[in-house]
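Visitor: I would like a quick tour of this model. Please keep it brisk.

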Amino acid sequence: MSEVLNPFGSEIFGIWNWLDAIIRVVIMVTVMTVVVMYLIYGERKIVARFQQRLGPTRTGPAGLLQSFADALKLVGKEDLRPKRADRWVFEFAPFATFVPVFITLSILPFAQDWGVRNLPLGLFFMISALGLEIVGVMMAGLGSGNKFALLGAVRAAAQMISYEIPLVLSLLAVVMIAGTLDLNQMALQQDRYPYVILQPLAFLIFFTAMLSELHRAPFDIPVAESEIVGGYFVEYSGIRWSMFMLSEYAAMWGFSIFGAVVFLGGWQFPMGEDWGWGWQLALTMGKSLAFIFVMLWVRATVPRLRIDQLMSFCWKVLLPMSLVQILANGFILVYGGPYWLLTLTSSLGAAVLVAIIMRQAFRRSSTKTLVGAYRTQLQVPAP
Amino acid sequence: MNSLDVVGPQLAVLIAAGIIVVIDAVVPHQRRLIPYVALAGLAASALWTVSWVSRGYEDDIFGGTLALDEYAAFFYFLFAGITATIVLASIDWVEREGRRQGEYYVLVLTACSGLMFLAAARDLITIFLALELSSIPQYILAGWGKDEKSSEAGLKYLLLGAIASSLLLYGMALLYGLTGTTLLTEIGSEVAANGADNRSLLIVATTLLIAGFGFKMAIVPFQMWVPDVYQGAPTPVTAFLSVGSKAAAFAVVTRIFFEALSPEFLSNDWSMVFAVIAAVSMIIGNIMAIVQTDIKRMLGYSSIAQAGNILVGLAAVSAGGGDAFKLGGSGVLFFLAAYAFTNLGAFVAIIAISQQINSDRIKDYAGMWKRSPFLAVMLAFCLVSLTGIPPTAGFWAKIFIFNAAIRADLAWLVIIGVANSAVSAFYYLSVVKQMFLGEPAEDAARVSTSPSIALAVGAASIGVLVFFVIPMPLLSAAESAIQGLVPLT
Amino acid sequence: MALEGFGPAFAFWLLSAITLISAGGVMMARNLLHAVLFLIVTFIGVAGFFILLSAEFIAMAQVVIYVGAVAVLILFAILLTPRSARDNSETVWGAPAALLSIALAAVLIFVIHDTAWSETNSFQAPSVEDLGRALLSTWVLPFQLASVLLTAALIGAIMLVRSPEEEAEDALS
């Protein structure tokens, strides 16, 4: 029995292994669907609270069944395909978006050695699965035969490629300290303090880049309803649309758990190993929900960025800062400096990052410095 | 630190490139300093190489991936000289172009460091990366001009270059699969031990290697890109392509085939291949050159023919064995050096002329003798050297190569080569005739020469003359360089 | 893990079929978008082979680099191309190309059969740590060369795509 429950390190090609994998995946799918439904409900409730509204109240007690009702409605809706759409690309796009997200969920440790599978290269696997997600988004945008969808896909691709770099680099900064890519190991090492204490700058960069990868506000220009009517999945309806929704919220949840494992100690901190799996599961869920709450908080507070601001923030602020973080880590680790030095340098970096953001936010706007998309012939003389 | 010392010559060039980037970004009004920084970097690189020559060499560095032997040092000097000439010749052109000045030199220097690594690399992975390091800046430089022709040249060069790289990689992968190593010397001993049983694979791998490098050498089945790229690319870049990347390709081919693929059962195969390619390259290059009206296109075809000449030396290397090995190898190196000087001189003169008359057509060169005696004489001298007529270094170059071929019983190839020299005399000398006997157009102004161009073209021409009068130092340098390689047989 | 038994063999043939069919799709697809999507499947199939050979790191690197970066860049290029220029045109070279590739395949298959490949019986899959150590000791030179190469390519690419307006702005400053 214990072998079935603990397949870590067992043979890949065996009936029992496959059976075990299938059971775990089915459980994962069910849990994920329920979680996503309540994430949507939670988002509506919390954002409503920020905006001094009530949110859903009618369906079930306090609107708890609202998402179920929505899901039923969506499944029942007609699955439309525009005439101009590229048939196969259009129909496969939701799957191409959803599968990578689900793959990332299958390697996350929810408690000690609890998960679908644990990979020695888990973190790297997560990164590579992330890269796949862009393909689905671009398929949707290109296959729809719709200009708004195309624009959304262009925005999404540009943004996701760009923010992937600081995201990966900030994770690398942590990997340098942990010395492993195994997510379970990584959580295990954070029994005394989580890595966010050592690497606050990396955490800030990770969180920012994560918002962007998930198309959450203030980086939600690929799906900006007021600008491009919803972005790359504007032409979808019914079940396919709901798959986009599902993958979006599942990615949000997956990322939150991932961030919790890497930066906040996952199932381990505090007392995870001592108090058993129930506490571990509670820790993971609690931390990921905290992540999600902050995301919603940001969404309700910060206005949407313009594309040139978004790009220059990534390339000119986040990328150099993450490189500096890696460089500092390298020096400290190679020359055997104490860990508090990591905290010190990284905190300084985090302070600088916050200062830069604040300066940008409270700066008086001046049209002279507009670059990129907003440059016109009037401002720059023709050559 | 020792290993940094070993790559010092390349490092000096790359540091100069880095300084240029900083100057360009931080103090843009000091931009006119940039070419001199580049020249200083190249001089430092040459000096560093000199220090290695006096200190003795280092054979086995970075786990055997790089070798600083006489052979590498020979090419370090050659590439530093070539790049310095290119930089001198580019100053006017880049300034006139008026944009992206820093980056131009950065890319030229990076390409130069790639060429240097290529000459010293002793491992397939390093060779491939060095090849790309020299190629990618050249792709970009070929598309540097503002006109459509230049973009076409860049794109064509990039696409065909990518195909050539993939063929090369496939060949390397096959070699690795057979021998289980990427180090040339180890491949050599593996091939000597097990190669005879696996000839079919070695033939395929060798063919793919020749195809990949043949693109860079611009030899016949892989010469399609040459005329268009040579014509479309900015002239200084064309000069760089025709001399630098060709010399580097020959350098690396010679090293691979000497160090890794030299067992006799194999070398007989590839010497025959080289001989046939050499003959075809000479014939096609020369015949196509005759009908050209654009001087850059003409020199492009002529460079194909010259590559054929150099291949004669490579073919001689293995066909003879023993003595021919030395003769052929040193002949190749001597030819490469002489060709570098000659072709650079010709191209720099063309750069100077075309900048002022805004044309590359041969008939616009009519009466150049009256418009600019200096440039006309220099160009004529270099064209004579390309033909292989005394008093020029090109004469000795052809003598050495053909001598090696005769020793190696390749008389038929020598006959083809000599006949082709006669053909090439026709089109080279017709340009000379145009310049000296033709009448300039009515409104033709004088063509002036800037100091940097005069220096570049003068230095190249003096080199051509000096190596005619006293070829021995260069020849003995080439001989000791080729003996620096360690052939197995 | 040795490549023996039903599982690995089945996986090998399945991956081969996927990779080859999608590679064929890349060539045959007239719609450039479809060709790129097939290319992505091919890349993933190749990553599968790497996993089968116990080279997990390379497999994931393959997905990150080829699917996440290269293919997405190609998709991006397609996005920015006018629809009319987006399709592969018919060429008369189809038959000669097929002939050539069949000939090439025949040669390669013959060679692969004819050759006594160097085999090793004691294979230990290298860990990521081993890879890192190798990259920074024996292979440090190629590693650094690659970084110089990327820098040069970056500078060059930026220069090639700069618009005239930006250059005018440079000239002003």
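**Touring the model**

Guide: We start at B:Leu386, found in helix 16 of chain B. Helices (H or I, at least four residues) and strands (E, at least two) are DSSP runs, numbered from the N terminus. This is a predicted model: local features need pLDDT of at least 70, side-chain atom pairs count only at pLDDT 80 or more, and totals for chains, interfaces and linings use all residues. Residues are numbered from 1 along each chain as its sequence is written, and chains are lettered from A and ligands numbered from 1 in the order in which they are written.

Visitor: Is B:Leu386 buried or exposed?

Guide: Count the neighbours. A residue is buried if 20 or more other C-beta atoms lie within 10 Å of its own, exposed if 12 or fewer, and partly exposed in between, with C-beta atoms placed from the backbone. B:Leu386 has 28 other C-beta atoms within 10 Å, so it is buried.

Visitor: Leaving aside neighbours within four places in sequence, which residues is B:Leu386 in contact with?

Guide: Two residues are in contact if their C-beta atoms, placed from the backbone, lie within 7 Å. Beyond four places in sequence, the partners of B:Leu386 are B:Ser302, B:Thr342, B:Ala346, B:Gly394 and B:Tyr428.

Visitor: Where is B:Pro391, and what is the omega of the peptide bond from B:Pro390 to it?

Guide: B:Pro391 sits in the loop between helix 16 (373-387) and helix 17 (393-407) of chain B. Most peptide bonds are trans. The bond from B:Pro390 to B:Pro391 is cis, with omega near 5°.

Visitor: B:Ala218 is not a glycine; what is its phi?

Guide: Most residues other than glycine have a negative phi. B:Ala218 lies in the loop between helix 9 (199-217) and helix 10 (225-232) of chain B. With 29 C-beta neighbours inside 10 Å, B:Ala218 counts as buried. Its phi is positive, about 60°.

Visitor: And A:Gln52: buried or exposed?

Guide: A:Gln52 also has a positive phi, near 55°. It lies in the loop between helix 2 (15-50) and helix 3 (66-76) of chain A. A:Gln52 has 6 other C-beta atoms within 10 Å, so it is exposed.

Visitor: On which residue is the kink in helix 4 of chain B centred?

Guide: Check the length of helix 4 (residues 70-97) of chain B: its 28 residues should span 40 Å at 1.5 Å a residue, and its end C-alpha atoms are 39 Å apart, which agrees. The expected span is 1.5 Å times one less than the number of residues. The bend at a residue is the angle between axes fitted to the seven residues ending there and the seven starting there. In this helix the kink is about 45°, centred on B:Ser90.

Visitor: How many residues of helix 4 of chain B are buried?

Guide: This helix is mostly covered. Of its 28 residues, the number buried is 22.

Visitor: Where is the kink in helix 13 of chain A centred?

Guide: Helix 13 (residues 307-334) of chain A reaches 39 Å, close to the 40 Å expected. Its buried residues include A:Phe313, A:Cys314 and A:Leu318. What covers the buried residues includes helix 6, helix 9 (200-213) and helix 14 (339-362) of chain A. The kink is about 30°, centred on A:Cys314.

Visitor: How many nonpolar residues are in the contact of helix 6 of chain A with helix 3 of chain C?

Guide: Among the residues that meet are A:Leu150 and A:Ile161 from helix 6 of chain A, and C:Val72 and C:Phe76 from helix 3 of chain C. Ala, Val, Leu, Ile, Met, Phe, Trp, Tyr, Cys and Pro count as nonpolar, Asp, Glu, Lys and Arg as charged, and the others, Gly among them, as polar. The contact has no polar and no charged residues; its nonpolar count is nine.

Visitor: Which helix gives the most to the side of chain C that touches chain B?

Guide: Here 25 residues of chain C are in contact with 33 residues of chain B. The elements giving two or more residues to that side of chain C are helix 4 (94-114) and helix 6 (140-161) of chain C. With 13 residues, the one that gives the most is helix 6 of chain C.

Visitor: How far apart are the nearest C-alpha atoms of chain A and chain B?

Guide: Two pairs of chains touch, and the most contacts are between chains B and C. Chain A and chain B do not touch. Their nearest C-alpha atoms are apart by 11 Å.
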